[in-house]
Amino acid sequence: MSVNKRITLEELQTYLWNSAVLLRTNIDAGSYKQYIFPLLFFKRICDVYDEETEKAVAEYGEDASEFEEQEIHAFVVPKGYHWNDVRAVSENVGVAIVEAFRKIENANIDKLQGIFGDGAWTNKNRLPDRLLKDLMEHFSSKTLSIANCPEDELGQGYEYLIKKFADDSGHTAQEFYTNRTVVHLMTEMLQPASGESIYDPTCGSAGMLISAIAYLKFQNKEWRNVAVYGQEINALTSAIGKMNLFLHGLKDFHIVNGDTLAAPAFIENGRLQQFDLILANPPYSISQWNRGAFENDKYGRNFLGVPPQGRADYAFIQHIIASLKPNTGRCAVLLPHGVLFRNEESAMREKLVRSDAVECVIGLGPNLFYNSPMEACILICRMNKKVERRGQVLFINAINEVERKNAQSYLEDKHIKRIAEAYLKYTDEDGFAKVATIQEIDDNNFSLSIPLYVKQAMDGGQVDDRNIQEHYESWRASSEMMKLSFKKLNAMLGKEDDIDE
């Protein structure tokens with residue numbers, strides 16, 4: 001019997017995670033999300049449906065039955081396919097679940113098409129009736145109405161579950177979960193505003209889009225007038241993103257399942273739709289993409305050049321920049337460090353820098369990403385820089401702005417604040433930030449490698465406690481400087497380059 005009372009966040013988190021614990025002996029951790037999220041969403045829809053029905057009856061009495069379903073309910077639940085109907089089934093439970101999912105999707109086709117995914121619910125070897133009944137009973141132990149569990153709280157519980165699944169599933173986590181503290185930093189830098197359009201071309205579970213909305217809520221600014229857009233290549237992850245947005249209270253958003261590079265979803269009059277703000281964490285250095293099609297891209301997304309087959313990073317960068325509005329457009333993109341200095345991308349990097357769209361480059365510390373010690377960088381571009389920032393790029397070396405606890409690395413509020421303040425000040429800070437002119441970057445052969453600009457000075461008595469990665473970065477910067485010096489020397493002597501690229 002479900003209990004009608006306000007659910008605390010701690011209770012909600014325990015309740016949600018215990019649903020996954022029930023699956024442990026039957027389902028691989030990487031597949032939890034395929035089953036738990038749809039059941040949670042199904043339960044929420046039905047409980048809110050009942051809540052809306054009670055309110056309508058209380059307000060209009062018998063006349064409530066004369067209203068159209070859509071006038072009373074956020075989502076229609078067809079008769080016979082409510083949670084309680086499925087809960088009453090004792091045999092072939094998986095079939096009953098799938099039927100209910102499809103009926104609800106079809107009754108709300110504009111909003112919920114494909115949202116429940118295509119999990120193997122009818123595979124009794126994997127999901128026997130007994131296990132599905134246990135899951136249904138577990139979820140039935142609480143009423144997930146809005147009164148009991150407001151949208152923001154359920155959204156937090158959902159995000160908690162996403163992170164737990166990421167922790168449990170390891171190598172598959174990066175596909176749908178980006179470290180939320182890094183996302184918060186990116187949002188803090190771009191400062192979303194009411195009435196703007198926000199886009200994530202590789203949106204995963206929609207965490208970046210939700211972070212932008214959360215920023216506005218925290219600032220007590222209107223957020224319901226923000227237009228939210230996203231595209232995600234993985235069908236299940238795309239569905240999870242839609243559920244995540246619904247559960248956070250967003251009603252008007254556009255999430256499309258598809259390949260952003262091969263078939264961008266948002267087109268206006270034959271051109272890419274443009275947005276005020278873009279947050280993105282594209283898949284790093286993918287090699288399985290259609291380079292030939294991009295070479296002849298009908299949307300003109302190859303304005304910097306065509307990236308090598310083995311690294312599509314600059315294809316995503318160009319898609320993002322082409323999708324920014326000329327006056328208000330700005331983006332924060334999480335990328336591998338290689339985009340800052342790799343030789344095979346040097347011509348594209350030069351054009352990007354010369355365009356004066358790059359506003360800031362931030363180097364992050366290690367171990368912020370699942371199953372990887374790698375460091376990443378945030379590239380911030382702005383199509384219409386402040387006059388005083390034009391012709392310049394701010395470099396921030398935030399490699400030490402990281403906290404590690406229980407084998408997890410994350411940014412604390414103090415780290416986010418320090419980085420964001422350095423960006424706002426846009427001035428030099430010894431050992432941490434450096435404003436470089438485009439001419440200075442030209443002098444470094446258009447390398448954006450952060451150690452070339454932000455020097456870590458050490459006095460004679462200081463102990464060198466840098467880690468291996470920091471030593472490597474320092475060595476790489478010195479190596480690049482040596483190559484540049486030889487080039488300049490050979491140019492003065494009228495000789496060809498003798499240094500291997």
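Here are some notes on the model above, point by point.

1. First, some ground rules. This is a predicted model, so local features need pLDDT of at least 70 and side-chain atom pairs count only at pLDDT 80 or more, while totals for chains, interfaces and linings use all residues. Residues are numbered from 1 along each chain as its sequence is written, and side-chain values use heavy atoms, with hydrogens and water left out.

2. Now the overall picture. The chain has 17 helices and 13 strands; helices (H or I, at least four residues) and strands (E, at least two) are DSSP runs, numbered from the N terminus. Of the 501 residues, 52% are buried, where buried means under 20% relative accessible area, exposed means over 50%, and partly exposed lies in between (1.4 Å probe, protein chains only). The accessible surface is about 22,800 Å², with 48% of it on carbon and sulfur atoms; such areas come from the Shrake-Rupley method with a 1.4 Å probe, and for residues only the protein chains shown count as cover.

3. What about contacts along the chain? Take contacts (heavy atoms within 4.5 Å) between residues at least 6 apart in sequence: 75% of them join residues at least 24 apart.

4. Next, the nonpolar cores. A core here is a set of buried Ala, Val, Leu, Ile, Met, Phe, Trp, Tyr and Cys residues joined through side-chain atoms within 4.5 Å. The largest one has 99 residues, and Ile362, Ile378 and Ile396 have the most contacts inside it. Helix H2 (residues 32-60) gives the most to this core, with 11 residues. A second, separate core has 37 residues, including Ile321, Leu352, Val361 and Ala436.

5. Look at Ile378 and helix H9 together. Leaving out residues up to four places away in sequence, Ile378 touches several residues, among them Val182, Leu185, Met186 and Cys360. Val182, Leu185 and Met186 are among the buried residues of H9. Helix H9 (residues 180-190) has 9 of its 11 residues buried, so it is largely enclosed by the rest of the structure. Just after H9, Gln191 takes a positive phi of about 50°.

6. Which cysteine sulfur is closest to that of Cys381? It belongs to Cys331, 4.3 Å away, which is too far for a bond. A disulfide is counted as a pair of cysteine sulfur atoms within 2.5 Å, and the count comes to 0 disulfides. Cys381 is buried at 0% relative accessible area, and Cys360 counts as buried at 0% too.

7. Strand E1 (residues 197-200) runs parallel to E2, joined by 4 bridges, and Ser197 stands opposite Ala227. (Two strands pair if DSSP finds at least two bridges between them.) E2 also pairs in the parallel sense with strand E3 (residues 253-257), over 5 bridges, with Gly230 opposite Ile255.

8. How do these strands connect? From E1 the chain crosses through helix H10 (residues 207-218) to E2 in a right-handed β-α-β crossover. E2, helix H11 (residues 235-247) and E3 make a right-handed β-α-β unit. Right-handed means that, with the strands pointing away from the viewer, the path from the first strand over the helix to the second runs clockwise.

9. Last, find Val86 in helix H4 (residues 83-87). Is Val86 buried or exposed? Val86 counts as buried, at 3% relative accessibility. Beyond residues up to four places away in sequence, Val86 touches Phe42, Ala96, Ile97, Ala100 and Met136.
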